[in-house]
Amino acid sequence: KKKKKKKKQNSSNHQSLLMNNTLYIFLFFFYFIYLIDCDCVPTSTNGCLNGVSYDYKTEFVCKNTIYEWATNGCCFEGLVFNTSNSFCCYDGIHDYDQYYCGVWPPNSNLKESIENRYKLHQKIEEERRRKEEKINIMDEKKYKSIIDSIPKEKDLPFDTRKHSRDLPSSCTQATSSYGCLNNVPYNFTTQYCCNSYIVSYHSSGCCNGNPHNIETTTCCFDSANGQYYVIDHGHACQAYPY
């Protein structure tokens, strides 16, 4: 009788353990599904790019990708560079060991510098137009409410950390037509991200996280303190060879 009773008790314990394990499996499964479906929500410390969270203190967005402040910078119209060996100055990215960013005086290098800047702008514009031709028209119908909420040209640069938008639909995941920065949609072909700002390819540059007008201001680098400045002049500085 004792053996039968013990056997019955073991069977009961086994069933209880099996039920507990099954419950844990179900709970884990539903939690996993929750994590997949859970939208990224921007806070005072973290931002969201197309559903992916990033830390404002250590990371930033350049164009359509998240980078680390410790190793990268963002220049011109979304050009990424390595801050350990290069810098941004007026017409593009330059190597520390070959150039320095200096105040611009009228000289013979002006024409060449402006031409280089124009060529770089044209190259980016051509890339943008090629992407525009590939836009999926179905997105415009399926996600019309979000597309209609994309900031207009007159509202750019648009600071997504300061301005909340009451969108008809939550913008968290990118499509072939638009991206989502801090739940604010932006047009892939006409706009890009500069840190937490949505800016225009047509008129704005990115001075290592600070947007500026490429026609009326200049992004300049001070090698003495390693800081970037937006100067109110269309050609306030340029890179000079040593």
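Buried means under 20% relative accessible area, exposed means over 50%, and partly exposed is anything in between (1.4 Å probe, protein chains only). Keep that handy for the close-ups below, which come from a predicted model where local features need pLDDT of at least 70, side-chain atom pairs count only at pLDDT 80 or more, and totals for chains, interfaces and linings use all residues. Residues are numbered from 1 along each chain as its sequence is written, and side-chain values use heavy atoms, with hydrogens and water left out.

**View A. Asn 195 takes a positive phi although it isn't a glycine.**
Most residues other than glycine have a negative phi. Here, phi of Asn 195 is near 65°. You'll find Asn 195 in the loop between strand S13 (191-194) and strand S14 (197-200); helices (H or I, at least four residues) and strands (E, at least two) are DSSP runs, numbered from the N terminus. Asn 195 counts as buried because its relative accessible area is 17%. S13 and S14 pair in the antiparallel sense over four bridges, and two strands pair if DSSP finds at least two bridges between them. Look for Cys 194 too: its bridge partner in S14 is Tyr 197.

**View B. Five strands line up in an open sheet.**
Read the order as S4-S3-S13-S14-S10, with antiparallel pairing. Strand S4 (65-68) and S10 are the edge strands, each pairing on one side only. Now zoom in on Lys 63, which is found in strand S3 (residues 59-63). Lys 63 has a positive phi of about 65° although it is not a glycine. Lys 63 counts as buried, at 16% relative accessibility.

**View C. S11 and S12 make a hairpin with two residues between the strands.**
Strand S11 (residues 178-181) and strand S12 (residues 184-187) run antiparallel, joined by four bridges. Tyr 178 has Asn 187 as its bridge partner in S12. In this hairpin, Asn 182 takes a positive phi near 55°.

**View D. Five aromatic residues form one cluster: Phe 81, Phe 87, Tyr 96, Phe 221 and Tyr 228.**
A pair of aromatic rings is described by the distance of the centres and the angle of the planes. Rings of Phe, Tyr and Trp (its six-membered ring) pair if their centres lie within 6.5 Å; planes under 30 degrees apart count as stacked, over 60 as edge-to-face, and the rest as tilted. A search of the whole structure turns up 12 aromatic pairs. One of them is Tyr 96 with Phe 221, a tilted pair at 6.0 Å centre to centre and 50° between the planes. Tyr 96 lies in the loop between strand S8 (93-95) and strand S9 (99-103), and Phe 221 in strand S17 (residues 218-222), so the pair ties together parts that are 125 residues apart in sequence. Tyr 96 is partly exposed, with a relative accessible area of 29%, while Phe 221 is buried, at 8%. Phe 221 also makes a tilted pair with Tyr 228: 4.7 Å centre to centre, 45° between the planes. Both Phe 221 and Tyr 228 are buried.

**View E. Arg 161 lies over the face of Tyr 56.**
Arg 161 is at 3.6 Å from the ring centre of Tyr 56. A charge sits over a ring if NZ of Lys or CZ of Arg is within 6 Å of the ring centre and within 35 degrees of the ring normal.

**View F. The peptide bond from Leu 156 to Pro 157 is cis.**
Most peptide bonds are trans. For this one, omega is near -5°. Pro 157 is in the loop between helix H4 (144-147) and strand S10 (158-159).
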